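Colleague: Thanks for making time for this. Could you take me through the model, one feature after another?

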Amino acid sequence: MFGFMENSRDQNLLFLVAPNLTLFRELPYVEPALGSSLVTGGLKHAHIPTTYVDLNLKFNILHDKKTLLATSTLQYLQKWRHIIKTRKETLPSDLDTVLNKAVEFIGSFSYSAIAISLNRVTVFHDVFESSFGFITLLCRRLKNKSDQKIILGGQILNIIGAHNIKKALDQSQDHPYDYLFFGDGAIALPILVNTDFDTDKLTEHVKHTGELFIHGKEWTLVDGEELSNTTTDTETVLRSKLLNITPSYDIVNGSHYTTSFAKILPQTPCKNHWQEAEIAIYPYKFMYGCSHKCAFCKEANNPLIAKPAKVVVDILERYVNEKGIKNFLFLNSQINFSQKYVEEFCSEIIKRRLNIQYSDSACFRNLSKDVCSLLRESGCIKLWFGLESPIERILKLINKQLSIDEALRGIINAHDAGIWICVNIIVGFPHETDEEFNELCSFIRTYSDIVNCWGFSSLELHHNTPMFNDPDAYGIIIDHKYSREDNIYGYAFSETRGLEWKARETKALEREELLNSLVTPYKHKIMSNDYLIFALYQCLHDKPSVVMELNKYIKSLKQLMDVHDVAHWLRYKSIYGFDSSNYFNKNAALYNKHG
């Protein structure tokens, strides 16, 4: 059994968040990365001195309203296999310049090893590959300057795949990095660092080939315990361990997360104090899994586990008092999975007068008027609901265990309490009729005054979901596995005695597009922006005032700017069909006037 060792050497780990979207465009703001902050929280828990730096923040500043890398350069970076195999090559000049600036910036820190986290912030493979290609070149330059160990990890590595990376490295004369983590680094990285990078001290079930360290999916190292997923529910054990780690936001350049809407979207003149109010939103997750067993959902087989409500509020209180954090993006599945839990959680926040704002996801159970009032009083300003469909047949088919009347009561109660309402809808369920789709459209039109933003998508079939495991019960025939260009993986399926998979998919995508046309797409994208909603609530406090001010604001924007451009600019993950440098050129007068 191998556990955490006392840190016996003079070391400082430099932990970097790899640039991803900022390679492609300037962003209106940069959001802290929860995965990276969990890993640094694990390092802090293991008493490993760590300097935490977000390169996305640095790169966003480097843009300075101009294009950082040309399209051809980004296309070059996507060829990471070629980059790994090719030791010496003349690089595009813009890439060479950015790499030099990155190396110079990293060189300003003192460190004995570097860990780099490649976070997944979008679904597009182009971003994954460009980020990995860039980091490979950056690591190579860092290796040329010193022999400190370099460790890579993060979701992008898992998506690209250990086999693909290993194959490319086998054909390379050098390894730009020493260790690659495929799995969760929050638990395993501190163990590696505390061995002083002596892999002989690691268990035999951790794969190690030469200088390539692979934390394999089939084995999860948890505080030195080896857990085989053939005998133990490793996912639940791992999630339980992650709940015990508090994300660290001790980020050296973290002050740049703070912005204002006057900077994000300048208006001439700036007439409203909420536009000048400083805003930064920090992610936090204190529960995993789901209490529902929806037929299509990948979480259907994962039990809901949650950190005790009082412990969560203890952590929030430390964030407020020690870091000055006031705005939180909770990334849970059901803040109200238990009435006792949500009441205790809200009451503790209110009792301690934390004066925070937060958003989260909720189910329609345990959503009485009193619970909604408590949520709002504790600082909840925005909730996402997974309704999926207002059609009773479909709700029953997918085992939603919900009636539309119950859903409407929850929506109305939350609305009356002053909470911003967001609802997810899915189209393309098996044997969905034209009549049912028309009923869905009518539902959206009827409740769009209460529901402030909608999320529309078409049904995806995933492995090991109830629908996948028992297709006959849902009237479907699984056809083949697919991978779309936007990196969404799933299984194509036909309807039993119904539409073949291609016709069914085409109809579902057409219906998704029709739903989007019902809600004025540009306005909808603006109204769903977290930073805008948080800034408005921070200053105006109540929903009627927020709605009134937001409508006025959008109207004034239409007189100043192309609101379709505004919607793309605010859409944090929008990289296709939008050029941030062109956006700034078109609106140069506004931005220059506001500085």
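Colleague: Let's start with the rings: how many aromatic pairs does the structure hold?

Modeller: A word on the basis before the count: this is a predicted model, in which local features need pLDDT of at least 70 and side-chain atom pairs count only at pLDDT 80 or more, while totals for chains, interfaces and linings use all residues. Residues are numbered from 1 along each chain as its sequence is written, and side-chain values use heavy atoms, with hydrogens and water left out. Rings of Phe, Tyr and Trp (its six-membered ring) pair if their centres lie within 6.5 Å; planes under 30 degrees apart count as stacked, over 60 as edge-to-face and the rest as tilted. On that basis, the number of aromatic pairs is 33.

Colleague: Which kind of aromatic pair do Phe105 and Phe109 form?

Modeller: Phe105 is buried at 17% relative accessibility, and Phe109 is buried at 18%; buried means under 20% relative accessible area, exposed over 50% and partly exposed in between, with a 1.4 Å probe and protein chains only. Their ring centres are 5.4 Å apart with 90° between the planes, and the pair is edge-to-face.

Colleague: And how far apart in sequence are the parts that Phe261 and Trp274 tie together?

Modeller: The ring centres of Phe261 and Trp274 are 6.1 Å apart and the planes stand at 50°, so this pair is tilted. Both Phe261 and Trp274 are buried. Phe261 belongs to helix 11 (residues 261-264) and Trp274 to helix 12 (residues 273-276), so the parts they tie together are separated in sequence by 13 residues. Helices here are DSSP runs of H or I with at least four residues, strands are runs of E with at least two, and both are numbered from the N terminus.

Colleague: Which residues touch the most other members of the largest nonpolar core?

Modeller: A nonpolar core is a set of buried Ala, Val, Leu, Ile, Met, Phe, Trp, Tyr and Cys residues joined through side-chain atoms within 4.5 Å. The largest one has 182 residues, and those touching the most other members are Leu152, Leu265, Leu316 and Phe345. Apart from it lies another core of 17 residues, including Phe429 and Leu459.

Colleague: Why is strand 14 described as largely enclosed?

Modeller: Strand 14 pairs in the parallel sense with strand 13 (residues 327-330) over three bridges, and with strand 15 (residues 380-388) over five bridges; two strands pair if DSSP finds at least two bridges between them. Strand 14 (residues 357-362) has six residues and is largely enclosed by the rest of the structure because the number of them that are buried is five.

Colleague: What handedness does the unit of strand 13, helix 14 and strand 14 have?

Modeller: A crossover is right-handed if, with the strands pointing away from the viewer, the path from the first strand over the helix to the second runs clockwise. The β-α-β unit of strand 13, helix 14 (residues 339-351) and strand 14 is right-handed. The chain then crosses from strand 14 through helix 15 (residues 369-378) to strand 15, and this β-α-β crossover is right-handed.

Colleague: Now Ser494: which residue's backbone nitrogen does its side chain reach?

Modeller: Ser494 lies in strand 19 (residues 489-495) and is buried, with a relative accessible area of 5%. Beyond four places in sequence, Ser494 touches residues including Ile476, Asp479 and Glu500. The backbone nitrogen reached by the Ser494 side chain, at 2.9 Å, is that of Trp501.

Colleague: How far apart in space are Glu500 and Ile476, C-alpha to C-alpha?

Modeller: Glu500 sits in the loop between strand 19 and helix 20 (501-517), and at 52% relative accessibility Glu500 is exposed. Glu500 and Ile476 are 24 residues apart in sequence, and their C-alpha to C-alpha distance is 9.7 Å.

Conventions: Polar contact = N/O pair within 3.5 Å; in protein donor to acceptor, adjacent residues only side chain to side chain. Contact = heavy atoms within 4.5 Å.
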